[in-house]
Amino acid sequence: MSALTAFPARLRREVVPQRPLAQLTTMRIGGPAEFYVEAHSLRDALDALNACRQAALPIHVLGGGSNLLIDDAGVPGLVLNLKPLTRIQPFGTKVVVQAGASLTALVAACARAGIAGPEGLAGIPGSVGGALAMNAGGRYAEIGEFVDRVLWLSPGGALTYLYREEIQFAYRQSSLRQGIVLEAILEGRPGQPSELVARMKQIMEQKLAAQPYRAHSAGCAFTNPPGQSAGRLIDLAGCKGLQVGGARVSEQHANFIVNTGEATFEDVTRLMALVQERVQDAHGVQLIPEVKAWPQPMIVAA
């Protein structure tokens, strides 16, 4: 029996076998998904998870495709793309946002609505769902600071609201990774839209000047060790410009690995291992990857 028979007929028609994934990621690397489907509603996401559980298929959740490195051999099971879920609705000092909305769009909407706080997330790529799952952030803010509640699909298929105190946020991680973020209500502070828009643009300009935004990368390759900068450690270890195949350590920011055009999954993983080795030798620090590698699934269906 085909695994597809577990999907409702309306969703089964939308499932694409062997869908290439590289162009759906900011790294532009990776093979095909065994099965691929886009969620155009919360019901689609729920039905896809339940179908995968029935068919014992692993499920991977895709949003903006940043912070992600996909094996060239492809991804077994289902890749569920939440990118069509893009609703952003500010009200007062809060905003309802769906998981597929880009973080850039959320930041801009909050600034224009006079919701202060999220402008500190300017310049961070990816989707809101992915940002919440990894507690994305930078020098000025982390998204977990603004969570009021999250609409979350548990690995067991239960749809529930989790309030801020029920979620564990830490540096570049959260307990939300165990399931699927579908929607969130975030809360900021009252602010002047003109001032927030100006600050958002200023932060964005700083990032554009310091980071290789126009290159194909997955964002920061490694998390910052406590009290230290991964980029600075990599730079001091002499790794800027280091290259394996088509993957190179950015000369602009050492914590970015860029695809020069023909990089493979193996090129990137070998280069990351080499950077880790050199930093360990130079500084005695073991760098931890921030980039997530597939095909390890977000949820192993049972």
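Three bridges connect strand β17 (residues 247-249) with strand β18 (residues 256-259), and the two strands run antiparallel. Helices (H or I, at least four residues) and strands (E, at least two) are DSSP runs numbered from the N terminus, and two strands pair if DSSP finds at least two bridges between them. The model is predicted: local features need pLDDT of at least 70, side-chain atom pairs count only at pLDDT 80 or more, and totals for chains, interfaces and linings use all residues. Residues are numbered from 1 along each chain as its sequence is written, and side-chain values use heavy atoms, with hydrogens and water left out.

Within β18, Val258 is the bridge partner of Arg248. The open sheet concerned has four strands in the order β15-β18-β17-β16, with antiparallel pairing. Its edge strands, β15 (216-220) and β16 (243-244), each pair on one side only. Helix α7 (residues 265-283) packs on this sheet and touches β16, β17 and β18, its direction making about 30° with that of β17. Contact means heavy atoms within 4.5 Å; axes are lines fitted to C-alpha atoms, for helices over the stretch in contact, and angles run from 0 to 180 degrees between N-to-C directions.

A second open sheet comprises five strands in the order β6-β7-β13-β9-β10, again with antiparallel pairing. Strands β6 (88-91) and β10 (159-163) stand at the edges with a single partner strand each, so one side of each is left without a neighbour in the sheet. From one strand to the next, the twist averages 15°. Four bridges join β6 to the antiparallel strand β7 (residues 94-98), where Lys94 stands opposite Phe91. Helix α2 (residues 42-55) lies across β7, β9 (147-153) and β13 (180-187), at about 50° to β9, whereas α3 lies across β6, β7 and β13, at about 25° to β6.

Helix α3 (residues 103-112) also packs with helix α5 (residues 193-210), at an angle of about 150° and with the axes 7 Å apart. The two helices are therefore roughly antiparallel, a term applied to angles over 145 degrees. The contact is made by Val107, Ala108, Cys110, Ala111 and Arg112 of α3 and by Pro193, Leu196, Val197 and Met200 of α5. These residues divide into eight nonpolar, no polar and one charged, where Ala, Val, Leu, Ile, Met, Phe, Trp, Tyr, Cys and Pro count as nonpolar, Asp, Glu, Lys and Arg as charged, and the others, Gly among them, as polar.

Methods:
Angles under 35 degrees count as roughly parallel, over 145 as roughly antiparallel, 65 to 115 as roughly perpendicular and the rest as oblique.
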